[in-house]
Amino acid sequence: MISVSNVSMRYGAKILFEDVSTTFTPGRRYGLTGPNGAGKSTFMKILTGELEPQKGSVVRPKKMGVLRQDQYAFDAHRVIDTVIMGNKGLWAALAERDQMYDKPELTEADGMRLGELEGIVGEEDGYTAESDAAILLQGLDIPDELHERKMSELQGGQKMRVLLAQALFGKPQALLLDEPTNHLDLDSIHWLQDFLLHFAGTVITISHDRHFLNSVCTHIADIDYETIITYTGGYDDMVLAKTQVRTRLESQNEQREKKIAQLNDFIARFSAGTRSSQVNSRKKEVERLQTSELARSNIARPYIRFDILRPSGKHTLEFEAVSKAYGEHKVVTNFTGSVLRGERICLIGRNGQGKTTLVKALLANAPNMNEPANSLDSGKVKWGHEAQIGYFAQDHTAAIQKGMTAADWLHQFDEKATREDIRGVLGQMLFSGEEGLKPTEALSGGEAARLLFCRLMMQKPNILILDEPTNHLDLEAINALNQALQKYEGTVLLVTHDQDLIDEVATRIWHFDGGKIDDFKGPYSEYELALSMATK
């Protein structure tokens, strides 16, 4: 159990939360939600002990698994050892035991200490530690051949998955996970969901994956209105309950204000007359009814709408015998197909299976695009009549030129747009006031993503190619993107691991696996059903 008592945190005049008291109970799985800047990561650091609250106290269990965001902290260690380090007591005992065995001679005291250490190793399942760690790594798609390598040899996404395995290792009493689905493919997310559903301790997670929160969480601890309110159920349950509570409070305030206005009118008309007792009675009633000022929500909802300048031809894209390899590694092999106007295709599969490679290869000879380094090894690609492409790259920050303001960078894509037009589009994506004058090199990952959506809205392409567009977006922005893509009348190629996007947007699935692509014409629910029928 984790208990928080009268905890407060503020930065200058900005109050994140004040006098928060709450308990996180074993067996329950809590989603920690709130808009960007509300204090989610700050509160998580307070729970882990990394940050001391300005006021109040926290009681924690002895063994906690914490997902660490520092990818480089364990570069000198083997992958398997990095996972075992998740159990600090076991790792310390193993390290001390190894030092004792390295001694040329052991004293009687050394022998006694070795006995104690062997006892700790036994109690903490140290004799099966490497096999237990290997099982976690396999579930998170870290193959056996990487387990003995140094962390420094792994890619960024692989490192994050090893650190997730570290947090899960050693049977912790509580798991504190900050964005655990980042860098995970859909299969790994499903594995993690299943693990957490069977975890007996307390789980607290920050996530921008709505489907993950709905699937895993029994409760949502929402940071807003300068406090933390816990709701029963998943994310969608919280949104509904929160909206109903807020609507009820606002309605009650509105009724009170009407009543107060009527009473004040009576007081003003008769205060100088003979009905003083009635006037005094009305004054007391006004004092009793005085409306409480409702704290303002921190939630900011962007507005995304993708329009089309001109429709494309019926046949948007045709390709034949497309292949791409890197040395001996075949990524895409002999893929043939066509895309019709209005189709929304989701590209799914394990990380490293070729989704981004195919996207870039198709773009190599696309109109108004320049991806020469990613041209095909073989095959033909033909884009249709009037094809106009809007591209959101996975490494999206590289697409924004440095040394400009956000507004000036955006203006390049429609030189006829007025300053008010630019400001309006920026405002839709939450660049308010002078934020449009922010230097492009100072943009955060989320701001850079929102600026690219501004560009796509101004360009009005009839084809959208989006490679992992939800990275760095909060839940409100992801929901806005989801709705915009559903309403978009053009053609979409979307690489994503966000299951809600896949469920609600896709009309067709390309599933990548071992160089082959399964082309399924239908939504993801039908694809899953077809898979389950095929395996029976």
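Biologist: With which residues is Arg 68 in contact, leaving aside its neighbours within four places in sequence?
Modeller: This is a predicted model. In it, Arg 68 sits in the loop between β5 (64–66) and α2 (79–84). With neighbours within four places in sequence left aside, its contacts are Phe 74, Lys 88, Met 160, Leu 163 and Gln 166.

Biologist: Is Arg 68 buried, partly exposed or exposed?
Modeller: The relative accessible area of Arg 68 is 35%. Buried would require under 20% and exposed over 50%, so a residue in between counts as partly exposed. Arg 68 is therefore partly exposed.

Biologist: What separates the C-alpha atoms of Arg 68 and Glu 179?
Modeller: Along the chain, Arg 68 and Glu 179 are 111 residues apart.

Biologist: Which strands are the edge strands of the open sheet of three strands?
Modeller: The order in this sheet is β11-β10-β13, with antiparallel pairing. An edge strand pairs on one side only, and that holds for β11 (329–340) and β13 (378–383). From one strand to the next the twist averages 15°. The edge strands are β11 and β13.

Biologist: Which helix packs on that sheet, touching β10, β11 and β13?
Modeller: The helix in question spans residues 355–363. Its direction makes about 120° with that of β10. It is helix α11.

Biologist: Which residue of β13 is the bridge partner of Ser 323?
Modeller: Strand β10 (residues 315–326) pairs with β13 in the antiparallel sense, over five bridges. In β13, the partner of Ser 323 is Ser 378.

Biologist: Is α13 roughly parallel, roughly perpendicular or oblique to α14?
Modeller: Helix α13 (residues 419–428) packs against helix α14 (residues 445–459) at an angle of about 125°, and their axes are 9 Å apart. Roughly perpendicular covers 65 to 115 degrees and roughly antiparallel begins over 145, so an angle between those ranges counts as oblique. The helix α13 is therefore oblique to α14.

Biologist: How do the residues of the contact of α13 with α14 divide into nonpolar, polar and charged?
Modeller: From α13 the contact takes Ile 422, Val 425, Leu 426 and Gln 428. From α14 it takes Leu 451, Cys 454, Met 457 and Met 458. The division is seven nonpolar, one polar and no charged.

Note on methods
Residues numbered from 1 in each chain as written. Predicted model: local features only at pLDDT ≥ 70, side-chain atom pairs only at ≥ 80, totals over all residues. Heavy atoms only, no water. Pairing = 2+ DSSP bridges. Helix = DSSP H or I, 4+ residues; strand = E, 2+ residues; numbered from the N terminus. Axes fitted to C-alpha atoms, helices over the stretch in contact; angles between N-to-C directions. Contact = heavy atoms within 4.5 Å. Buried < 20%, exposed > 50% of the residue type's maximum accessible area, 1.4 Å probe, protein only. Parallel < 35°, antiparallel > 145°, perpendicular 65-115°, else oblique. Nonpolar A, V, L, I, M, F, W, Y, C, P; charged D, E, K, R; others polar.
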